[in-house]
Amino acid sequence: MSIDSSSRIVAELRGWIAGAAPGSRLPSTRALVARFGASPVTVQKALRTLTSQGMVESRPGVGTFVCAVRVARPNDYAWQTAALGSPDRYAPPLSAALRTTPNDVLALHSGYPDRELLPERLVRAAFTRAARGDAAVSRPPAAGLPELQAWFATELGAAAPVGVAPPSPSDVIVLPGSQSGLSTAFRALVGAGRPLLVESPTYWGAILAAAQAGVRLVPVPSGVRGPDPEALARAFERTGASAFYAQPNYANPTGAQWSSAVADRVLDVVRGHGAFLIEDDWAHDFGITTDAVPLAARDDSGHVVHLRSLTKSVSPAVRVAGITARGPARERILADAQAVSLYVSGLLQAVALDVVTHPAWRTHLRGLRQHLAARRDLLVDALREHVPTAHLEAVPSGGLNLWVRLPDATDLAGLVRDCEAAGVVVAPGDEWFPAEPTGPYLRLNYAGPNPGAFPEGARVIGAALGK
């Protein structure tokens, strides 16, 4: 009888193994080929499967044998408690925004855009070209590929007003994603045990990076129009902080974009205290009704350190970001980055450069603006119809999220559970606050999959809120 499927061979051998003594030798490959009428490749595949399942072990030059029966027992890791000791600092858990979910639920919690909003053809073609080039086998410079450094510097410099010197390519350091950039900036510019001013609410990843770096966060109230410059000045005076982390364009989670007046006042406060502003420009490519204008473009004195990520707009597989800093700050950031990762994959840098310099990149961004606008408006309208007690202070002019305030008496944890039970996953707003939350919020992503289900998702939220 001819049996060509390795799975059939695996099934028969499992039955034979079940009745064999530990250490018994299996028939040779030649004998199995004859027995099953299969090719040697198929037989070897079946044996590899059994090996991976822990049922047999191969001894080169000797044969294949039935493994000894292992008695299940609990592992004892108690010794590690003494070896590790108490943690030096509290590390918050990873955000709900990173959860993966089944395809049959509506995922309003994610922090990433849906695959159909990415330049997939450009990315695939770029990977193919990069794999054929020198980047696939070469070590790039520590600060990044010169061409990619130049692209980051040129893009930022294009927004510089008259009289402000644009950055040079040598001011740019390429990093493996913005999360790595935050950790590096906090360690290099702030340091363990020292205060860092942050908007509240703010990006949960910045809170995590600060905890890992041992940085002490000091919240500064911030809303849909950005932070209060006077409150920021008071925080600098009270704490003696040397840095302020902020998202001036399409902030996560509030969606805020600072006005020119707020930006100028914040810059004056930062300069007046001889401090750094660590600008997170994660949503640069996600403008809808406005464009992102980095604060770093207004500053040539080294006060603003600009972090620009390509991961969300190009592909989650392309974890590449650029941090632009001038003066000694740049050298400290580079030293920290090298100590952590030595350099960023030249292959990923080549892919990122290929995508953002391709003529179709700008075409993609124009289409992306239209898609984001349609999705945002669909979710806004659905919330207004089905969740009338929720409060959306402002419709964001860019970004990926809506920041929704719920009634004060809302049981947020219960609401999240009820929504998920009904097939809608939402992100509770608590984890975006560096201190106690100021109220119950949801951060809802309108860039996720299946926007046609937004009305039903809003209906589920409304029903859960009404319980």
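Reply: Contact here means heavy atoms within 4.5 Å. Helices (H or I, at least four residues) and strands (E, at least two) are DSSP runs, numbered from the N terminus. The model is predicted: local features need pLDDT of at least 70, side-chain atom pairs count only at pLDDT 80 or more, and totals for chains, interfaces and linings use all residues. Residues are numbered from 1 along each chain as its sequence is written, and side-chain values use heavy atoms, leaving out hydrogens and water.

Start with α6 and α13. Glu-147, Leu-148 and Trp-151 of α6 touch Gln-349, Leu-353, Val-356 and Thr-357 of α13. By class, this contact holds 4 nonpolar, 2 polar and 1 charged residues. (Ala, Val, Leu, Ile, Met, Phe, Trp, Tyr, Cys and Pro are nonpolar; Asp, Glu, Lys and Arg are charged; the others, Gly among them, are polar.) Helix α6 covers residues 146–157, and its axis is 9 Å from that of α13, at an angle of about 45 degrees. (Axes are lines fitted to C-alpha atoms, for helices over the stretch in contact; angles run from 0 to 180 degrees between N-to-C directions.) The pair is therefore oblique. (Under 35 degrees is roughly parallel, over 145 roughly antiparallel, 65 to 115 roughly perpendicular, and the rest oblique.) The crossing of α6 and α13 is left-handed. (Left-handed means that the near helix is turned anticlockwise from the far one by less than a right angle; right-handed means clockwise.)

Helix α13, residues 346–357, also packs with α5, residues 120–132. Their axes come within 8 Å and cross at roughly 130 degrees. So α5 and α13 are oblique to each other as well. Here the crossing is right-handed. On the α5 side, Leu-122, Val-123, Ala-126, Phe-127, Arg-129, Ala-130 and Ala-131 take part. On the α13 side, the partners are Leu-347, Leu-348, Ala-350, Val-351, Asp-354 and Val-355. The residues of this contact split into 11 nonpolar, no polar and 2 charged. An α-helix has 3.6 residues a turn, so residues three or four places apart point the same way.

Helix α1 (residues 6–18) packs with α2 (residues 29–36) at about 110 degrees, the axes being 12 Å apart. They are therefore roughly perpendicular. Ile-9, Glu-12 and Leu-13 of α1 meet Leu-32, Arg-35 and Phe-36 of α2. That contact has 4 nonpolar, no polar and 2 charged residues.

Leu-342 sits between α12 (328–341) and α13. Leu-342 is not a glycine, yet its phi is positive, about 65 degrees. Leu-342 counts as exposed because its relative accessibility is 57%. (Buried is under 20% relative accessible area, exposed over 50%, partly exposed in between, with a 1.4 Å probe and protein chains only.) Tyr-250 is another residue with positive phi, near 55 degrees. Tyr-250 is in the loop between β8 and α10. With a relative accessible area of 0%, Tyr-250 is buried. Pro-253 lies in the loop between β8 (243–246) and α10 (260–272). The peptide bond from Asn-252 to Pro-253 is cis, omega near 25 degrees. Ser-200 to Pro-201 is also a cis peptide bond, omega near 5 degrees. Pro-201 lies in the loop between β5 (195–200) and α8 (204–213). Most residues other than glycine have a negative phi, and most peptide bonds are trans.

Finally, α16. This helix runs over residues 454–465. Its 12 residues should span 16 Å at 1.5 Å a residue, and the end C-alpha atoms are 16 Å apart, which agrees. (The expected span is 1.5 Å times one less than the number of residues.) Buried in α16 are Phe-454, Gly-457, Ala-458, Val-460, Ile-461, Gly-462, Ala-464 and Leu-465. Their cover includes β3 (106–107), α14 (359–386), α15 (412–421), β13 (424–425) and β15 (441–445). Take Ala-458, with a relative accessible area of 1%. Leaving aside residues up to four places away in sequence, Ala-458 touches Ala-382, Leu-383, His-386 and Val-387. Ala-458 and Val-380 are 78 residues apart in sequence but 9.3 Å apart in space, C-alpha to C-alpha.

For context, the chain has 16 helices and 15 strands. Of its 467 residues, 52% count as buried. Among contacts between residues at least 6 apart in sequence, 75% join residues at least 24 apart.
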